[in-house]
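Subject: Structure for you to look at

Hello,

Here is the structure I said I would pass on. Please open it first; my notes on what was found in it follow below.

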Amino acid sequence: MAPRAYAVAVDFEFELRSHGHRVTTARRVVWDVLSATGEHLTAPAITSRVHVVDPSINGASVYRALTLFAELGLVRESRYEDASTWEPFHDDAAIHLVCSECSRVIHHDTELVPRLRRAIQVATDFAPDEIDVRVLGRCGHCPAESWT
Ligand SMILES: [Zn+2]
Ligand SMILES: [Zn+2]
């Protein structure tokens, strides 16, 4: 099953320029790599894909680009244990299923998150900005532990 790209369509160049940032090659390539995938990628995984396109872009530039994109709300960062993964921003109507064996992240569409948001808004004085539901488990590619 091909991962579905969840990115909200944004005008990347406009977002950068309207906040006073230049569209550099590194930023463009990092954005292209993120936009082309429906997966969550770690910074090293992004860097290795960036290197396929342009080997002169180093890991520090990739990381700075990701940090800037996060500030601008263009990407979503998810932390899992010590690692951060990155993906283009998407709204929070998806649950993240995280495989604790291979760290793969699967997006699960659901009405539950919007329902949870409404329930919180109705029942409390709290306005949720972002709901991040993450379910840890084991994906279909990772065999169950054997007990032998
Ligand atoms: Zn797995
Ligand atoms: Zn996601």
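**Helix packing and overall layout**

Helix α3 crosses α4 in a right-handed sense. This is a predicted model, so please read everything below with that in mind. The axes of α3 and α4 are 9 Å apart, and the two helices pack at an angle of about 115 degrees. On the α3 side the contact is formed by A43, I46, T47 and V50, and on the α4 side by G59, V62, Y63 and L66. By class, the residues of this contact are six nonpolar, two polar and no charged.

The other helix pair to look at is α2 with α3. Their axes come within 9 Å and cross at roughly 115 degrees. At that angle, α2 counts as roughly perpendicular to α3. The crossing of α2 past α3 is right-handed. Where these helices touch, V29, V30, V33 and L34 of α2 meet I46, R49, V50 and V53 of α3. The contact of α2 with α3 holds seven nonpolar residues, no polar ones and one charged residue.

Helix α2 itself covers residues 25-35. Which of its residues are buried? They are R27, V29, V30, W31, V33 and L34.

Now the chain as a whole. It contains five helices and six strands. In sequence order, these elements follow the pattern α-α-β-α-α-β-β-β-β-α-β. Taken along the principal axes, the C-alpha atoms fill a box of roughly 50 × 45 × 25 Å. The chain has 148 residues, of which 20% count as buried. Among contacts with a separation of 6 or more, 54% are between residues 24 or more positions apart.

The chain is divided into two parts, domain 1 (12-88) and domain 2 (94-137). How far apart do the C-alpha centres of domain 1 and domain 2 lie? The distance is 23 Å. Five residues from domain 1 and four residues from domain 2 make the contact. On the side of domain 1 that touches domain 2, the residues divide into one nonpolar, three polar and one charged.

L72 sits in the loop between α4 and β2. L72 and L16 are 56 residues apart in sequence, but their C-alpha atoms are 8.0 Å apart in space.

That is what I have on this one.

Regards

Methods
Residues numbered from 1 in each chain as written. Chains lettered and ligands numbered in written order. Predicted model: local features only at pLDDT ≥ 70, side-chain atom pairs only at ≥ 80, totals over all residues. Buried ≥ 20, exposed ≤ 12 C-beta atoms within 10 Å, placed from the backbone. Helix = DSSP H or I, 4+ residues; strand = E, 2+ residues; numbered from the N terminus. Axes fitted to C-alpha atoms, helices over the stretch in contact; angles between N-to-C directions. Parallel < 35°, antiparallel > 145°, perpendicular 65-115°, else oblique. Left-handed = near helix turned anticlockwise from the far one by under 90°. Contact = placed C-beta atoms within 7 Å. Nonpolar A, V, L, I, M, F, W, Y, C, P; charged D, E, K, R; others polar. Domains from an automatic or database assignment.
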